[in-house]
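Thanks for asking me to look this over. Here are my notes, point by point, to read alongside the model.

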Amino acid sequence: IGFINQPYTGELFVADGNGAFLIARDGNQQRLRTRKNCALKDAILFTTSPKLFTGDEHAAIERLESQVKLSRYGTDCYGAALVAAGYADIWIEAGLQPYDIVGIVPLIEQAGGIVTTINGDRPEDGGTIIACGSSELHSEAIAAFNG
């Protein structure tokens, strides 16, 4: 079970073990599905800020961004919700703590995506986290990030 609440837009993104759903302010509910069949060159990437990536990771995020179609900043966890909903393809964040990510993992996975550390490990312990709409895109994005 996991969720992301976006009170400003009235959106509640929920994963309940039976799937991932968006519940709108008016109570309407829709199933979430990540976007599939997206190549890295066509991907939309969200992150809070590339400035949060330090050391070798700063060059790595620039390398990844240079290979995607579009990058946008400032979304925090909303970027993960957009991946789960199929409106974005990659969400990447540096320096996450376990409490930042554990509620997001079920949402991405139950919508059909994949979320790991940038090294491909389970994300629940935090670190630099990447979520993608498909395993193929995930592999491409990790390869681009890691050079």
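1. Tyr78 counts as buried, with a relative accessibility of 19% (buried means under 20% relative accessible area, exposed over 50%, partly exposed in between, using a 1.4 Å probe and protein chains only). Phe13 is buried as well, at 1%.

2. Keep in mind that this is a predicted model, where local features need pLDDT of at least 70, side-chain atom pairs count only at pLDDT 80 or more, and totals for chains, interfaces and linings use all residues. Numbering starts from 1 along each chain as its sequence is written, and side-chain values use heavy atoms, leaving out hydrogens and water.

3. Two aromatic pairs turn up in a search of the whole structure (ring centres of Phe, Tyr and Trp, with its six-membered ring, within 6.5 Å; planes under 30 degrees apart are stacked, over 60 edge-to-face, the rest tilted). Phe13 and Tyr78 form an edge-to-face pair, 6.1 Å centre to centre with 70° between the planes. Phe13 sits in strand β2 (residues 11-15) and Tyr78 in helix α2 (residues 78-85), so the pair ties together parts 65 residues apart in sequence (helices, H or I, are DSSP runs of at least four residues and strands, E, of at least two, numbered from the N terminus).

4. Have a look at the open sheet too: five strands in the order β6-β5-β7-β9-β8, with mixed pairing (paired strands have at least two DSSP bridges between them). Its edge strands, β6 (70-73) and β8 (114-117), each pair on one side only.

5. Strand β5 (residues 44-47) runs parallel to β6, joined by four bridges. Phe46 stands opposite Arg72 in β6.
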